[in-house]
Amino acid sequence: MNTPLRRLSLVVALLFALLLGSATWVQFVDAGDLRDDPRNSRTLLAELGRDRGPITAATGEVLAESVPAEGPIAYRRTYPGDPSAATWAHVTGFYSVVYGATGVEDALGSLLAGTADELFYRRLSDLVTGREPSGASVELTLQPEVQEAAAEALGDQRGAVVALEPSTGRVLAMVSSPSYDPGELASLDTEEVRQAYARLLEDDADPLVNRAVAGDLYPPGSVFKLVTAAAALETGDYTPQSVLPGPAELPLPLTTISLPNVSGEACGPGDEVSLADALRISCNTAFGSLGLSLPDGAVADEAAELGFGRALQVPLRVTPSTYPEDLDEPQRALAAIGQESVRVTPLQVAMVSAAIANDGVLMAPQMVASVNAEDLSVVDAPEPRELGRAMSEDTAAALTQMMELVVQDGTGTAAQISGVDVAGKSGTAEVGDTDGDGSPEDPHAWFTAFAPAQDPQVAVAVVVENGGDAGSEASGGRTAAPIARQVVEAVIGR
């Protein structure tokens, strides 16, 4: 063979090797990513040919299921219930032939579709017996009566509600408002789906966003004072009776600005107040002073122990809450009262209360009770899991007593329940100018609580964006506390 032919044969051999390598890479290495790509309509169409498993509430109420369809696609996804209420939309998410899946439909998609590794041997059995493969069913921990109470109490106000079982971390309710009808996005009419999705995307209220765990995080306002109080008690240098400065205004170091109390008055005689009373009446200047006097990093460390900065999947992906780094003194004072650039999800605020209620132990939030195969055998049943000890038992006990005072005779009296000791904390968070018109927005109203205080069955967090129906007149105690009370009542049977 002469030299030109030899060179040509080497080039051809190299091209064949590259072609075989590329095909091998696509078929084996990239196969999983290509299959799971939400733009891959073939995968969606193949899955719609299977009987996708249902999603149910803790009581067995069906929240999502597949029903036979006419035409080339064997099944369509439906979401039973009143579409105008859409109480469960952000939990279940939607399953769309055009836009893929969200919510539990996405997070546990392979189990629902029957393609998960956990179902491998069952798929082999189906192959041998010739049975049509079907997906697993997912039972959630959410309680319909609690979910409905939260949705009804929040109404058409923008915001979110989360309720947890403190001892296990189980999610009892998760509501985001406004909501949407997932059935519109699960239609097999692709043009209808595109029109519905475009309408939802254009809605300024962002109904597709699950405000409970994602989207734009919220400034927590005074509910964050629980974190600051826990940090102070954990140092061992403070008790609920410790006396703090509580003037009408606290001059901030390095600036000409002062931090005022909402009332415009001092928090106690002689411009002093105990830590317990400072929490009870939500004294800004006392907690701002505490932020300045605590060891550097004490509040940040306590926030981290309570879950700030931690990536969670419940199994919905949770946006981590944040406590800012490298703060100067004025910023430390503002962060101590939940302002500055502290940002949270409602789930994170519920986790703070749940950890206090659970003697200082933080449990991983979880909204899946069990996953069951078609024959009802259990594929997975997640056990409660500790994320760690966020504070000592003594600190948790002290905070519980202080939070009870908030509800008994402080800013949270609207959360009182006859015959039940409720521990709570209100918050009214300044928002600033978010629309660029030069004027601040109405504040967010917060309330977090747990009850019964000495035998906690539920911890709840409520946020009402921009004061809801009350607008600029809103406060956490007036606006959000009654919503929290109704959720607690639904759990304890009142």
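A surface patch is made of residues with over 30% relative accessible area and no salt bridge; like charges are joined within 9 Å, and nonpolar side chains (Val, Leu, Ile, Met, Phe, Trp, Tyr) within 5 Å. A salt bridge is a side-chain nitrogen of Lys or Arg within 4 Å of a carboxyl oxygen of Asp or Glu. This model is predicted: local features need pLDDT of at least 70, side-chain atom pairs count only at pLDDT 80 or more, and totals for chains, interfaces and linings use all residues. Residues are numbered from 1 along each chain as its sequence is written, and side-chain values use heavy atoms, without hydrogens and water.

**Surface patches**
- Glu61, Glu145, Glu148 and Glu152 gather in a surface patch of negative charge.
- Glu145 sits in helix 8 (residues 144–154); helices are DSSP runs of H or I, at least four residues, numbered from the N terminus.
- Glu145 counts as partly exposed because its relative accessibility is 40%; buried means under 20%, exposed over 50%, and partly exposed in between (1.4 Å probe, protein chains only).
- Leu5, Leu8, Val12, Phe16 and Leu19 form a nonpolar surface patch, with about 500 Å² of accessible area together.
- Leu5 belongs to helix 1 (residues 3–29).

**A buried charge**
- Arg332, in helix 15 (residues 329–336), is buried yet has no salt bridge.
- Its nearest side chain of opposite charge is Asp296, 4.3 Å away.

**An enclosed helix**
- Helix 11 (residues 225–235) is largely enclosed by the rest of the structure, because 9 of its 11 residues are buried.
- Lys225 and Leu233 are among those buried residues.
- Gly236 follows helix 11 and has a positive phi, near 85°.

Notes. Areas by Shrake-Rupley, 256 points an atom, 1.4 Å probe, with all protein chains shown as cover. Lys, Arg positive; Asp, Glu negative; His and termini not counted. Charge placed at Lys NZ, Arg CZ, Asp CG, Glu CD. Helix = DSSP H or I, 4+ residues; strand = E, 2+ residues; numbered from the N terminus.
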